[in-house]
Amino acid sequence: MSDTNEIIPQKRYFKGSTDGKRPLHHDPLGKARSDYDLIVIGSGLAGLTAANVLGRAGHRVALLEQHYNFGGLATWFKRRGGHVFDISLHGFPIGMKKTCRKYWTQAIADSIVQLDGVRFDNPQFSFDTTFTREDFTDKLVDVFGLERAQVEGFFDALRKMDFFDPSDETTGELFERFFPGRNDVHRLLMEPISYANGSTLDDPAITYGIVFSNFMSKGVYTFTGGTDQLIKAMKAELVKNGVDLFNSVEVERIVVDQSPMGERRVRGVMANGRFIAAKAVLSNANIRSTITDLVGPEHFESDFLERARAVRLNTSSCQVYMGLREGTEIPFITDLLFTSTRPTFTSEALCDFHGESRTFSFYYPKVRPHAAPRYAIVSSTNARFEDWKDFDRAAYEVEKSKLERDTLASLERYVPGVAEKIEHVETATPRTFAFYTEHPAGTSFGTKFEGLPISAELPDQVGGLFHAGSVGIIMSGWLGAANYGAISANKVDAFLHALAHEAASEAAQS
Ligand SMILES: Cc1cc2nc3c(=O)[nH]c(=O)nc-3n(C[C@H](O)[C@H](O)[C@H](O)COP(=O)(O)OP(=O)(O)OC[C@H]3O[C@@H](n4cnc5c(N)ncnc54)[C@H](O)[C@@H]3O)c2cc1C
């Protein structure tokens, strides 16, 4: 992966999840203050957005990231030969434009553009779509032969879904209610959302309704310039807003004080072996690791802890990155291709070890108009950590090679002759995601629905402790994570103002 602040000569290449981290030869916290108003742990889109909102509001904020790059899963890496690969830039809803305008800058928002093409190809159906309500309605009527009123009824029901509605209907039950026995329709509606947030037919219908409606409003969007340019622009904005940014800093512990009355309050963090004080801490690490590893179970009420331990993690991902040799090109196929050779759809099969379903994201020169024209293709599949975790090094390489061969064979069906143009192939597995993000089981999309109340209730357990990051399915993905960062930032802001008010009152009385 590309280095931003690395200052040591690269004598040896450290290969992520198999070799571990390259040893540090400098103190990344050399310029850190001894105390802050807020420490943000982790630079995913939720952590970055929270830090920016609070820096802009005038608080003294430090952001500590264990990786050498900022962005969390919103990341990229470079390889010799001019290759740049984006990890999670496949697409997000239009809402990201408003979020970036509000919490970042107009320039970032202006770089968000709609994808030109989305295609489905599987044994049940095959077509191009704009991925909007209008086009999906036409397809469901013209291709799938459904009644227009039935389809409109489904979309209206989704739009009316409210987060606070009491309902235990699952997405699968919702589909059966509107389109009974239509596995092909369920596939169209579910497959892309499973790729976007790891959810399944068994998750609450409300999570589906919110995420799917977000996409259906105007289609699928991307960031022109690539993830590297986005994170560069975000870092510049953070610096402008006075946020102190530190990479290669592992937070080992969130330090909590407990009063004789049993009141628990955040005091700061231990990071790279050093204590830094803070009035508030916002963790962008996984919610379960935040509670059990960073804070420690002893600081939580037992019933809360029990609920937290029961939070289910989402699955992980595999990706195959393919870079075309300089000077070679491919015609425009589509931007996002959902392909499968499985005759029918099940949620479980999307995670099959060496499965038959994958998405291809095509990165044409239009993605990085500022750079020399290059082509890259990234294949993504949902995956289970358990399927990958136990291989020894040799077996791991064998399975990765098989995944690469299968992926190239699948790609050749759409781009004949592409294999001869590809000069770099590399694979990420759930182990890779676990290594680079420290998320348990390499979860790509945080937690299931029950993770959201646990995240939101953290400050009730420990004063000054907040969380923002992929939880509850609806707070996952670029848009969900960034919005959740802003929501949590508002809570931190209110907390810090209340503290300042308390201190001023005490000073006035003495
Ligand atoms: C393969 C893949 C494809 C995806 N595609 C899309 C897509 O096309 N569109 C979309 O909208 N979303 C996509 N997503 C999901 C999206 O990228 C994530 O939901 C989102 O970026 C997560 O942001 P986050 O704020 O929750 O934190 P994360 O990105 O998970 O970042 C958390 C950060 O915390 C840091 N951290 C953890 N513990 C510590 C510690 N102790 N000390 C210091 N730092 C720590 C980690 O290093 C990491 O940088 C994809 C995800 C994956 C894996």
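# Around the ligand and between the helices

Modeller: The shell around the ligand has 15 nonpolar, 22 polar and 3 charged residues. Keep in mind that this is a predicted model.

Biologist: Which residues of the shell are closest to the ligand?

Modeller: Gly-42, Gly-44, Ala-46, Gly-72 and His-90 are the closest, and 40 residues surround the ligand in total. The cut-off is a C-beta atom within 6 Å.

Biologist: Which helices and strands each supply at least two residues of the shell?

Modeller: They are α2 (45-56), β13 (316-324), α16 (430-437) and α18 (477-509).

Biologist: Why is the ligand said to lie between domain 1 and domain 3?

Modeller: Domain 1 (16-74 + 229-312 + 445-509) and domain 3 (315-437) both give residues to the shell, so the ligand lies between them.

Biologist: What about domain 2?

Modeller: Domain 2 spans 133-212. The contact takes 7 residues from domain 1 and 9 residues from domain 2. On the domain 1 side, 4 are nonpolar, 2 polar and 1 charged.

Biologist: Which residues make the contact of α2 with α18?

Modeller: From α2, they include Leu-45, Ala-46, Leu-48 and Val-53. From α18, they include Trp-478, Tyr-484, Ser-488 and Asp-493. By class, the contact has 13 nonpolar, 4 polar and 1 charged. Asp-493 belongs to the contact, and Asp counts as charged.

Biologist: How do the axes of α5 and α6 cross?

Modeller: Helix α5 (residues 133-142) and helix α6 (residues 148-160) cross at roughly 145°. Their axes come within 9 Å. This crossing is right-handed.

Biologist: How do you know that the contact of α5 with α6 has 3 charged residues?

Modeller: Look at the contact residues. From α5 come Arg-133, Thr-137, Leu-140 and Val-141. From α6 come Arg-148, Val-151, Glu-152 and Phe-155. Arg and Glu count as charged, so Arg-133, Arg-148 and Glu-152 are the 3 charged residues. The rest divide into 4 nonpolar and 1 polar.

Methods
Residues numbered from 1 in each chain as written. Predicted model: local features only at pLDDT ≥ 70, side-chain atom pairs only at ≥ 80, totals over all residues. Domains from an automatic or database assignment. Contact = placed C-beta atoms within 7 Å. Helix = DSSP H or I, 4+ residues; strand = E, 2+ residues; numbered from the N terminus. Axes fitted to C-alpha atoms, helices over the stretch in contact; angles between N-to-C directions. Left-handed = near helix turned anticlockwise from the far one by under 90°.
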